[in-house]
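Colleague: I am new to reading protein models, and I would like to go through one with you. Could we take it feature by feature?

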Amino acid sequence: MVECFQSAYRKNHSTETALLYVTSAVKTGMDNKQGTILLLVDFSSAFDTINHNILIRRLRLCYGFVGKALDWVISYLKERTQRVVIDHQSSSTTTLTTCVPQGSVLGPLLFSLYVQPIGDIIQAH
């Protein structure tokens, strides 16, 4: 279910293997006198921008999550709150409608499933 060129959150894959692949692909293109286009996407805040409704719809329609499995993921995402505390001063609590919990076991998997269509779009073009 994970994009074949994804390096993050995969066993035996890292930024190093991603860089080796890109370097090799660019050099091969140069050797074959082919043009190369490199598209870089900054996912530094990506975990914070995942829309719960889109993720849930994608889990249901693209990956076949139904019943208790889907309900469990929904309960994991819904009604999460956050607030900011600085010098013992606290902001009001707000309910989150985007993000997956960072540092969680499910976070990277849910993020990977959420962004999966990006690879499909790129491969189609």
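Modeller: Gladly! Let us start with a term: helices here are DSSP runs of at least four residues, numbered from the N terminus. Keep in mind, too, that this is a predicted model.

Colleague: Thanks. Which helix holds Leu59?

Modeller: Leu59 sits in helix α2, and α2 covers residues 52-63.

Colleague: Is Leu59 buried or exposed?

Modeller: The general idea is a cut-off: a residue is called buried when its relative accessible area is under 20%. Leu59 has a value of 0%, so it is buried.

Colleague: And what does Leu59 touch, apart from its neighbours within four places in sequence?

Modeller: Its contacts are Gly64, Phe65, Leu70, Val73, Leu110 and Leu113. Take Val73 as an example: it is 14 residues from Leu59 along the chain, and their C-alpha atoms are 9.2 Å apart.

Colleague: How should I read a nonpolar core?

Modeller: Think of buried nonpolar residues joined to one another through side-chain atoms. The largest such core in this model has 18 residues. Those touching the most other members are Ile50, Leu55, Leu59, Leu77, Val100, Leu110 and Phe111.

Colleague: Which helices supply at least two residues each to this core?

Modeller: They are α2, α3 (67-77) and α4 (106-124). The largest share, 6 residues, comes from α4.

Colleague: Cysteines make me think of disulfides. What is a disulfide, and how many does the structure hold?

Modeller: A disulfide is a covalent bond between the sulfur atoms of two cysteines. This structure holds 0 of them. Cys99, at 12%, counts as buried, whereas Cys62, at 53%, is exposed.

Colleague: Where would I look for nonpolar residues on the surface?

Modeller: Look for a patch. Here Leu39, Val41, Phe43, Ile118 and Ile122 form a nonpolar one on the surface, and together they have about 470 Å² of accessible area. Phe43 belongs to the loop between α1 (15-31) and α2. Its relative accessibility is 39%, so Phe43 counts as partly exposed.

Colleague: Now, what should I know about phi?

Modeller: Most residues other than glycine have a negative phi. That gives you something to look for: Asp87 has a positive phi near 50 degrees, and His88 has a positive phi near 65 degrees.

Colleague: Where is Asp87 found, and where is His88 found?

Modeller: Asp87 lies in the loop between β2 (85-86) and β3 (89-90), and His88 is in the loop between β2 and β3 as well. The cut-off for exposed is over 50%. Asp87 has 68% relative accessibility, so it counts as exposed. His88, at 80%, also counts as exposed.

Colleague: Where do Gly64 and Arg10 lie?

Modeller: Gly64 is in the loop between α2 and α3, and Arg10 is in the segment before α1. Gly64 is partly exposed, with a relative accessible area of 49%. Arg10, at 26%, counts as partly exposed too.

Conventions. Residues are numbered from 1 along each chain as its sequence is written. This is a predicted model: local features need pLDDT of at least 70, side-chain atom pairs count only at pLDDT 80 or more; totals for chains, interfaces and linings use all residues. Side-chain values use heavy atoms; hydrogens and water are left out. Patches are made of residues with over 30% relative accessible area and no salt bridge: like charges are joined within 9 Å, nonpolar side chains (Val, Leu, Ile, Met, Phe, Trp, Tyr) within 5 Å. Accessible areas come from the Shrake-Rupley method with a 1.4 Å probe; for residues, only the protein chains shown count as cover. A salt bridge is a side-chain nitrogen of Lys or Arg within 4 Å of a carboxyl oxygen of Asp or Glu. Buried means under 20% relative accessible area, exposed over 50%, partly exposed in between (1.4 Å probe, protein chains only). A nonpolar core is a set of buried Ala, Val, Leu, Ile, Met, Phe, Trp, Tyr and Cys residues joined through side-chain atoms within 4.5 Å. A disulfide is a pair of cysteine sulfur atoms within 2.5 Å. Contact means heavy atoms within 4.5 Å.
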